[in-house]
Amino acid sequence: MASKERASHINVPNTLGQQLGLNIAWITDQLFACYAFGGKGKRESSTAKNLSSVDVNLVGADFIFEEPTIRSMVTEGSRVFYRLQRLRYDVAENAAKPIDYVKISQKYRSIVRRGLQTMNQRVSELSDDDPALEAYRNLISLFYSIECTWHLLEFLVIDSNSSGAIVSSLLEWIRFHFPEPERAATEMLQSGRELDKQEEYWPVVKGLILQGQTTIARALLRVHTSSETHCFQVAEQLLQSIPIYSVYSGLSVHRYKTQWQCWCDNVRTLVAAGNFAAEPKLEELLRLVSGERKAWSEQLRSSTCWYEYFPGYLLYTDSSCKYYQLGQYANDWIAQFLTNCRAAPDNASGERQFKFLDKLVLSVMENNLVNVLQQVQLFPDNRWFAVHIVDLLYHAGLLEMNAADEDENTSPSKQQSPRAGAEVSDGKLVRESLLFDFGSLLMSRSSFWQIGMDYLEFSSTEGLGAREALLARVPFQTERQADRIIAVARQNGYLEVVAEVCKVMTKRSLAHKNYSSALDWATRSRDSSYVRDVANIFLEHYCNHGELLCEQQVSHLGSKVFISSRLVFLGAYYDFRRFYRERSYDKAADLLVRLMDSKIMPSYFWPCLMADAVPLLEFSEPIIPSKETYTILEHLEMDLVPMVDQRRKKITNNSEPDVDMDGEHDLSVRETTKDHDETALLPKFYSNLLNNCTEDLVKILRLACARNLSRALIIENTDPTNNNK
C-alpha cells in the first residue's frame, strides 16, 4: 500500500547554485530558503570568480485562498470558528446550552460544498485550452477530498450517537460522494417505460444495489418489460423482505443475524435451484444482496477506489457493524480489493497504488486519529482543513488525554469503547500550534489579517504576544487600510503599533508633499520626534518661501501642540501671523517678544523672527515698550549677529582659489546645519536659510530699535501714569 504519488518540480532561479549546488535551510514547516553551496573542491575552483553576491531564494506553499472563487471560504470559516470559541468559553448568548458539534461540522462542510459548486460552475465556463482550467481542477480535487474526509469524521468520530450501527451512515456517505447511479436512475424513471431497452439499464440497477439503494433498484425493476414474470416477482419479494439492522428497531443483534442468515439461505437456495436462470442479470443482483463473496470480488475490478463498494458490502454481510469493528472489516476488504486488482487482465502495473485519500479514509475507519491528524496537515490547503477539524475535535473532547484518562483506559469498559483509540496525547498543543501557524499566515496577507487576529487570539500565550508584533507588519497602502489597523490596535491596547503605522503614513505623506496629512499623522503617532521634524519642515518652508503651510489645520490643533515644543512654537508663530493680519498689533508684538525669550525657537528661525519685528518697531506710536526693545537688541547681538558672521565665513571660504570646492561646499553645509536635527524625515529646505542673515538686516534692526527706543523712552518718561508707578 505504498504511495507513489507524483511530486511537483520547482525551478529555483539561482545562477550561482547551478555552479556550486544548492543547499536549503528551513524557516518554517512550510517555507525554506535555497542558497548556493558547494564542497571544498567546488569552492576552490571558483575562487577566481566573483562570489560577492549570493542569491537567497525563498520557497514556500502558495496561498490558495487568493483565488476569488474560494476567497469567501476563509471569511465564512472564520465566522463559524469564532462562534464556536464564544460558545465554548461561555461568552455568547445561550452559552449554557450544550454545543451541537455535529451541526457546527455541517456548517463547515456546507462552506466547502459551496466552494466546490462555485468552482465547478467556473470550470464549465472555461474553454479546454484555458490555462486556468488545470488549476481549478486541482482545487476541486483538493476540496472534494477534504469534504469527503470531513463527512466521514463527522458521523464516525464527532457524532456521539454513532456508537451504534454505522452502516446506514456509511451508505449515506458513499451515495453523497458517488451520486452517479442515483442520478442516472432518476433520469431513467423520468424518461418513461421500456427502460430495459437502454444499454445503461442493468449497470444502473447494479450500481444501486452495490450502494445499498434497494428501494430505487426495485422501482427500476418494476418498470422492466418482464416485471410480471415469476422470477421478477420473486426477486421483488426478496428485495422487499431483506432484513436491515437498526438500533431503533428494538431487535437485538443476535436475533437480527439469525433473521439475516435465514434470508440469505433462502436466496441462495432459490438461486441454486435455477429460479432465476432465465434472467442472468437479475440472478447476479441476488447473488450480490446475499453477500456472495465471489460476486463481490468480480465487482471490485470496476471500482474507482477501494471504499466505493465497501459500505454496500457491509450492508449485505453485517449491517450491525460497530465502529470498533470497522477497521478489521476495512483491512479484509482492502486485501480482497488488491488481490482482484492484481488478477485483473487490464492492470498493467500489476498492483493499484493507494492514493492519499485512500489511506486517509482507511485511517479514519481504523479509528487511528493520531495518523489522521498527521495526514490532514499534508493537504495543500494552507492547513485550513487541519486547523478547523482539530479545533472542532478538541472542543468536542476527542483530543484530551491526561493521567486519569490513561488509568481509565486500562479498564475493560474503557477498552471496549468505540472511541478508546480516538484520543490524542497533547491535543491542546497540536491545536495551539496549528492555530498559531494559520493565524500568522493570515496576518501576512493584506486581505486576511483581521481574520488572523481571531485565530491568534485563541491559540496560546505566544499567539497573543505575536498579535501585536504581526499587526505592526501588516502591509497597507491607503489611509483607509491604515485606519483599520489603528482601530484594531487601539481596541487591543497596542499603542506602539498605532505609533508605528502613523509614522509610516507620515513619511509617505511627506514623500508626496502632502504636508497637511503628514502633520495629522505625526500628531496621531504621539511621537515627539516625528512631530518636531514635521514642524521643522513647516518652519523651514516659511523661511525660504515666506508661505505658511496648512494654516487652518495648525490653528485647530488644540492640545496636540504640547506633543512637541517645536509644534508649540509653530502654533504660537501662526497665532502671531493671525494677530498681524487682524491688525491686533499690540497682541502680535507681545507674542513676538515672548517667542524671542522662549527656549523653544529653532536657531535657524532668528532671521525671520527679527524681520517680523521691524514693522512693529517702526510705529509712530510705539507698541513695543523700552524694556522689550532692549530684549530684541539683546537677541540681535547674541543670536542673529553670530549667524551673520557664520555666513561671512562661508562666503570667504568659498572664494578661496586653492580650496576643493566640492569638499568645502560639503563642509559649509555641515556647518550650516549644525544646529539642525539630523533625524529629520526628508531633505530639508535649510540650504538657503543663512542667505536671510544679511548685514543689511542687522543694520535695519539696530536702526529700528534705536528709533523705537527713543520714542518709547520719551513717552514712558513723560506719561504721568508711568511716573506714578
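Phe 576 and Tyr 580 both lie in helix H29 (residues 565–581), where they stand 4 residues apart, about one turn of the helix; helices (H or I, at least four residues) and strands (E, at least two) are DSSP runs, numbered from the N terminus. This is a predicted model, in which local features need pLDDT of at least 70 and side-chain atom pairs count only at pLDDT 80 or more, while totals for chains, interfaces and linings use all residues. Residues are numbered from 1 along each chain as its sequence is written, and side-chain values use heavy atoms, with hydrogens and water left out.

**The protein as a whole**

- The protein has 35 helices and 3 strands.
- Of its 725 residues, 45% are buried, a word that means under 20% relative accessible area, whereas exposed means over 50% and partly exposed lies in between (1.4 Å probe, protein chains only).
- Among the contacts with a separation of 6 or more, 67% are between residues 24 or more positions apart, a contact being heavy atoms within 4.5 Å.

**Aromatic pairs**

- The structure holds 36 aromatic pairs; rings of Phe, Tyr and Trp (its six-membered ring) pair if their centres lie within 6.5 Å, and planes under 30 degrees apart count as stacked, over 60 as edge-to-face and the rest as tilted.
- The rings of Trp 150 and Phe 385 have centres 5.2 Å apart and planes at 35°, so this pair is tilted.
- Because Trp 150 lies in helix H5 (residues 132–158) and Phe 385 in helix H18 (residues 384–395), the pair ties together parts that are 235 residues apart in sequence.
- Trp 150 counts as buried at 0% relative accessibility, and Phe 385 counts as buried at 0% as well.
- Phe 576 is buried, with a relative accessible area of 0%, whereas Tyr 580 is partly exposed at 26%.
- Ring pairs link a cluster that includes Phe 63, Tyr 108, Phe 143, Trp 150 and Phe 385.

**A nonpolar patch on the surface**

- Ile 27, Val 56 and Leu 58 form a nonpolar patch on the surface, with about 300 Å² of accessible area together.
- Patches are made of residues with over 30% relative accessible area and no salt bridge, where like charges are joined within 9 Å and nonpolar side chains (Val, Leu, Ile, Met, Phe, Trp, Tyr) within 5 Å; a salt bridge is a side-chain nitrogen of Lys or Arg within 4 Å of a carboxyl oxygen of Asp or Glu.
- Ile 27 is found in strand S1 (residues 22–28) and is partly exposed, with a relative accessible area of 48%.

Technical notes: Areas by Shrake-Rupley, 256 points an atom, 1.4 Å probe, with all protein chains shown as cover.
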